[in-house]
Amino acid sequence: MAERKNYLYGPVPSRRLGRSLGVDIVPFKVCSLDCVYCQLGRTLKKTVERGDYVPIESVLAELKQALAERIEVDYISIAGSGEPTLHARLGELIDGMKQVTDIPIAIITNGTLLYRPDVRTDCAKADVVMPSLDAADEETFRRINCPCQGINVEKVISGLCAFREEFAGQIWLEVFLVEGINTGRDQIARIREAIEQIRPDKVQLNTAVRPTADSSVRRLDAETLHRIAALLGPRCEVVADPSPHHQALTEKEPQSTAETTAATTSTTQTLLSMLKRRPCSLNDIRASLGLSRNEALKHISDLQSRGLIQSEKRGASTYYKASP
């Protein structure tokens, strides 16, 4: 498998998208929010200014290379390590993707910039848009999402409503629940009111399965998640529990020592690229890279010995992520 380290990562097993090929178009932790639950840590540059952060021509070249390898994915997801709608050429990128593949394109966004007509126009080119709304009152919004100056919850909700009016595709609204902050009766009632205004096709409840920016953030148990899902209406589903039913990629067996060495190096680099974008469990890694347990542990051990990745316990699971 050829290396894809710069802008593409995966495919990764996604609880929401099946097997997803990630596309990263904004530098690490450049975002309009600084959410307490972010799996990548604290935001390094908080901004609402759009810019030409990475060359989309290079992104498309990497995508063509990946497609030439006949990878099997359910979605191409524009997400990664920053807020993707901050890229000023997002719409051009999606146009370019659609010229080379029929694989559906999803945008995973915090939704904060959808009040802007240019952002709505760009996002409307995708097949699925997956924005977030973790609170519908200003105090809770600020406690959980720590927004950039100029962003408030009313602007976020109005942007989501405007996008619904213009977008004929699927909107899957994620609500990330943080125990003790946005799980009270009043907060849930306000979120439901906002959902009724926005009219998403799905509402997907999540909680802190992976490590979080604020280590005090606690995950909700399954019973509480399903109880809140029922309160938020019939379109709401719980996506917080990772599914064990991801098919693994099948890689060709190398035929020589040189090929074995090259394949090992490529796999290790691909794993590191993935862990820079999201913490993964051993099962996530095995499913993404088509590895046996022992093979996956070998690559993990190699990266740990070089200080390139670290591990963190979350509940009963261990997650691996790139070192700062």
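**A chat about helices, cores and strands**

User: Which residues of α10 are buried?
Analyst: In this predicted model, the buried residues of helix α10 are Ala296, His299, Ile300 and Leu303. Looking down the axis of α10, these buried residues fall within an arc of 100°, so they line one face of the helix.

User: And what sits on the other side of α10?
Analyst: There, Asn294 and Ser305 are exposed. Just after the helix comes Gly307, which takes a positive phi of about 75°.

User: How far apart are the end C-alpha atoms of α10?
Analyst: They are 18 Å apart, and this agrees with expectation, because the 13 residues of α10 (residues 293-305), at 1.5 Å a residue, should span 18 Å.

User: OK, what about α4, which residues are buried there?
Analyst: In helix α4 (residues 138-145), Thr140, Phe141, Ile144 and Asn145 are buried. Their directions, seen down the axis of α4, fall within an arc of 105°, so they too line one face of the helix.

User: What do the buried residues of α4 pack against?
Analyst: They pack against α5 and α6, the latter covering residues 185-198.

User: Switching topic: how many residues are in the largest nonpolar core?
Analyst: That core has 76 residues, and those with the most contacts inside it are Ile25, Ile78 and Met97. Helix α5 (residues 153-166) gives the largest share of this core, which is six residues.

User: What is Ile25 in contact with?
Analyst: Leaving aside neighbours within four places in sequence, Ile25 is in contact with Tyr53, Val54, Val59, Ile78, Pro84, His87, Leu90 and Leu93.

User: Now the strands: is β9 enclosed or open, and why?
Analyst: Strand β9 (residues 202-206) is largely enclosed by the rest of the structure, because four of its five residues are buried.

User: Which strands does β9 pair with?
Analyst: Strand β8 (residues 170-176) pairs with β9 in the parallel sense over five bridges, and Trp172 stands opposite Lys202 in β9. Strand β10 (residues 236-238) also runs parallel to β9, joined to it by three bridges, with Glu237 in β10 as the bridge partner of Gln204.

User: What handedness do the crossovers have?
Analyst: The chain crosses from β8 through α6 to β9 in a right-handed β-α-β crossover, and β9, helix α7 (residues 222-231) and β10 likewise make a right-handed β-α-β unit.

Technical notes. Residues numbered from 1 in each chain as written. Predicted model: local features only at pLDDT ≥ 70, side-chain atom pairs only at ≥ 80, totals over all residues. Heavy atoms only, no water. Helix = DSSP H or I, 4+ residues; strand = E, 2+ residues; numbered from the N terminus. Expected span 1.5 Å × (residues − 1). Buried < 20%, exposed > 50% of the residue type's maximum accessible area, 1.4 Å probe, protein only. Arc of directions from axis to C-beta. Core = buried A, V, L, I, M, F, W, Y, C linked by side-chain atoms within 4.5 Å. Contact = heavy atoms within 4.5 Å. Pairing = 2+ DSSP bridges. Right-handed = clockwise from strand over helix to strand, strands pointing away.
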